[in-house]
Amino acid sequence: MTGLFGVLDISGRAMRVTQAGVRTTSHNIANVHTPGYSRQRQVVQASLPTHVAEGAIGNGVEQITIDRAHDPYVQLRLLAERSNGGSLRSQSQSLDAIQQVFNEQQGEGLADALAKLYSAFGELASSAAGGGPEREGVRMAAQHLVDAVRRADARLREEQSNANRSIAQLVPEIQSVLERIAELNGRIIAGDAQAPANDLRDQRDDLLMQLSEKIGVQSFEESNGSVTVLTGGGHALVERTLVHGLSVSPDPSHPFDPGFARVMRDSSSGPIDITADLGAGELGGLLRARDTLTADAIRSLDVLAYNVATSVNGVHRAGYGLDGQTGRDFFAAPAAVEDAAQALALDAAIAADLDAIAAGGLGPAPGDNRNAQALAALRDQGIALALPGDAPGSPSGPTRTLLGHAASIIGEVGVEAKSFQSALLQHERALELFESQRDEISGVSIDEEVTRLMQLQAAFQANARVISTVQTLLEDLVSVL
Amino acid sequence: MRVTQNMVQRTALADNLRVRRQLLELQEQASSGLRVNRPSDDPSDASRAALLRAEIESGERLAKSVEHARARLETVDTQLGHANDVLVRARELATQAANDTADAGSRRLVAAEIAQLHEQLVATSNLRHQGAYLFGGYATGQRAFEQSGSFADGSPAPVVSYGGDGAEIELEIEEGILVRTTLDGRRVFLGDADGSGSPDATREDLFDVLASLWQSLESNDRAGIAASLDRIARGQEQLDVERARVGGRLTRVEAADAVLSRRGVDLAGQLSSAEDADSVEVYSALAHQQTLLQASLQVTARAIQPSLLDFLQ
């Protein structure tokens, strides 16, 4: 077909290709704000020429495919950063709540309540008459400390079970994302058989992005176009269209609450526990918040409560109450360091009778203030701290004053919260950079598309002109006949 | 490098957000007056502030303790003064009565006054301060000295016995430093420092001094009266020594008071430097940040708008 009809054919095909180009451009412009959308490009080439004796005569243009502007390497960096961000955000939120519990900057706190108890012992020592009001002061200060410790403990445990609740809610969400990825896998395998399934891949990439924010995953595309999703530890979650379901089950060995969830993955041999694999993403962050951050804070509080109770009790037992009795505890003796904060309470005798407070060093004489003095002096005494797991009477911790320990908890919590805050800031900058890198490659530029539109418009007009010229030529030919 | 609409918007928004976040932080500092509002703002200073507040609390408690110690020692000093007054008056009376011109009748009149002085001394030795008997050691709930018998013609002079435990109550006036705030009444009034039950060789039982003087006056025993004069003098010396002791302790308490108030000012300054915002710094940073926000908003408004479409007809 090298005649005039052949020219009509070339121009007609060119106009179709141009229209397809306009369509691609309009598709790009329409999706300028669609999250995860990758700009699409029409790929065209010159058609194979027709060989005649005089040479090869061109046959116009043809469209090969429409591909998407996509850089898998940038995509991987984005996935990793998203998963990092999910983890940092949930841990940072948890630490903000924890540091609020230990915050003494806006009102009274634990160190403050402890200092006031030592002062109350001191005031009891300065009363020569046996101290009715001063004894009441000691009991109030002690009750205040007990309340403050138990309130802090309750708030930390509340934070811990909040993290647990979020874990239990997050797992079904993750499951539904996994199912949608598997479904898209099926459609992409089917679609690729005809043409590259660009928009489905964009959708799947966006789902993978959501998924890594929730749970740290590794993923790679198979040759058939499906994507395989693995946990950080290598357990497959999605293979082709198959989803290994995630579920939560209670953890009877959890030191804080047997109802706390472990994350299980279905397999042919029944559910397996993959909790230890989940270090990244929001889920990993929540697990760390629950099992490490809040758990550590609760244990620091326990250490404080246990050592306060045992050190005060040790001195108190040596003294005499106004009723002449000795060898009594001041705080109810804690059974172990674990959960000592939760169990902190005044001894029943002290709660019932102010005269039981042992101010006297050698007997019940009302002016004997030696034991009260010794109790007040605990304030500046270094105590070998009993840590969780220590047997009673054999502390393994460093020697510190208890006020120093209370202050160091504030410092430690602050350092941790601060490091997460700055990590989060760094993450935001990194995410911004990687998203810009992605946009640089995959993002839609209106300027670019409009320019392309004008080019296509001109090409369309030129092709139309060719057709009308050919028409004139044909008319001329017909009029000769 | 391709620059797309999304990139421009994202960068503009992110920068805006950062400026606003810093603005919020500065506003918090300006409105609370604190540079450290939570531990993460400055972990080491937050921890230091908690310790400093505990130190200040302890200082305030010690200041109260110092007040107690001072009040108690001053009361003791006043009572020792009263006891001394008693002895001075007894000495005057004994000197008169020892005179040759005195006769049995006038000595008997003097004896009546000595009996009253004895009563005063017992009252003084049972000094109460805020409900506590200060000369009885730790046994502050009961009278330190009990008198048995009374002054009556022909009967033996009354005997005064000690009911306390001889202790001196200590109070903390500086961290770890204790000062004795009461005196051992047995040593002061009975001259019995070692608790043996009888006066030491160099000391006098003040009650007995007056009682035997009364006895001598009653029995018109001039030699006995003259001997009492020496014993009164020794008793006065005994009280002088105790008053000097109290004076020394008061000086120590005053010194502690000065140290405490100086340290209180010091600690308040340290706490302020640990947690307070420098208002000049905060306000200038706030103004700077506000300017930055306006600039950032203006730039954003201009950068987001134009595209090629704005220039095509």
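This is a predicted model: local features need pLDDT of at least 70, side-chain atom pairs count only at pLDDT 80 or more; totals for chains, interfaces and linings use all residues.
The crossing of H2(B) and H5(B) is left-handed. Two packed helices are described by the angle between their axes and the distance between the axes. For H2(B) and H5(B), which spans residues 206-218 of chain B, the angle is about 25 degrees and the axes lie 12 Å apart. Angles under 35 degrees count as roughly parallel, and H2(B) is therefore roughly parallel to H5(B). On the side of H2(B), the contact is formed by Val86(B), Leu87(B), Ala90(B), Ala94(B) and Ala97(B). The partners from H5(B) are Leu206(B), Leu210(B), Leu213(B) and Leu217(B). By residue class, the contact of H2(B) with H5(B) consists of 9 nonpolar residues, with no polar and no charged ones.

Helix H2(B), which covers residues 43-98 of chain B, also takes part in a contact with chain A, where its partner is H10(A), residues 402-442. The axes of H10(A) and H2(B) come within 7 Å and cross at roughly 160 degrees. Since angles over 145 degrees count as roughly antiparallel, H10(A) and H2(B) are therefore roughly antiparallel to each other. The crossing in which H10(A) passes H2(B) is right-handed. From H10(A), the residues that meet H2(B) are Leu403(A), Gly404(A), Ala407(A), Ser408(A), Ile410(A), Gly411(A), Gly414(A), Val415(A) and Lys418(A). In H2(B), they face Pro43(B), Ala46(B), Ser47(B), Ala50(B), Leu51(B) and Ala54(B). The residues of the contact of H10(A) with H2(B) comprise 9 nonpolar, 5 polar and 1 charged.

Between them, chain A and chain B bury about 4600 Å², of which 51% is on carbon and sulfur atoms. Salt bridges between chain A and chain B number 8. In a salt bridge that joins the chains, the side chain of Glu432(A) meets that of Arg18(B), with an N to O distance of 3.5 Å.

Over all chains, the structure holds 63 salt bridges. Within chain A, the side chains of Arg262(A) and Asp273(A) meet in a salt bridge with an N to O distance of 2.2 Å. This pair links distant parts of the chain, with the two residues 11 residues apart. Arg262(A) lies in strand S10 (residues 261-265) of chain A, whereas Asp273(A) lies in strand S11 (residues 272-273) of chain A.

Methods:
Residues are numbered from 1 along each chain as its sequence is written. Chains are lettered from A and ligands numbered from 1 in the order in which they are written. Side-chain values use heavy atoms; hydrogens and water are left out. Axes are lines fitted to C-alpha atoms, for helices over the stretch in contact, and angles run from 0 to 180 degrees between N-to-C directions. Helices (H or I, at least four residues) and strands (E, at least two) are DSSP runs, numbered from the N terminus. Angles under 35 degrees count as roughly parallel, over 145 as roughly antiparallel, 65 to 115 as roughly perpendicular and the rest as oblique. A crossing is left-handed if the near helix is turned anticlockwise from the far one by less than a right angle, and right-handed if clockwise. Contact means heavy atoms within 4.5 Å. Ala, Val, Leu, Ile, Met, Phe, Trp, Tyr, Cys and Pro count as nonpolar, Asp, Glu, Lys and Arg as charged, and the others, Gly among them, as polar. Buried area is the accessible area (1.4 Å probe) that two parts lose on being put together, summed over both. A salt bridge is a side-chain nitrogen of Lys or Arg within 4 Å of a carboxyl oxygen of Asp or Glu.
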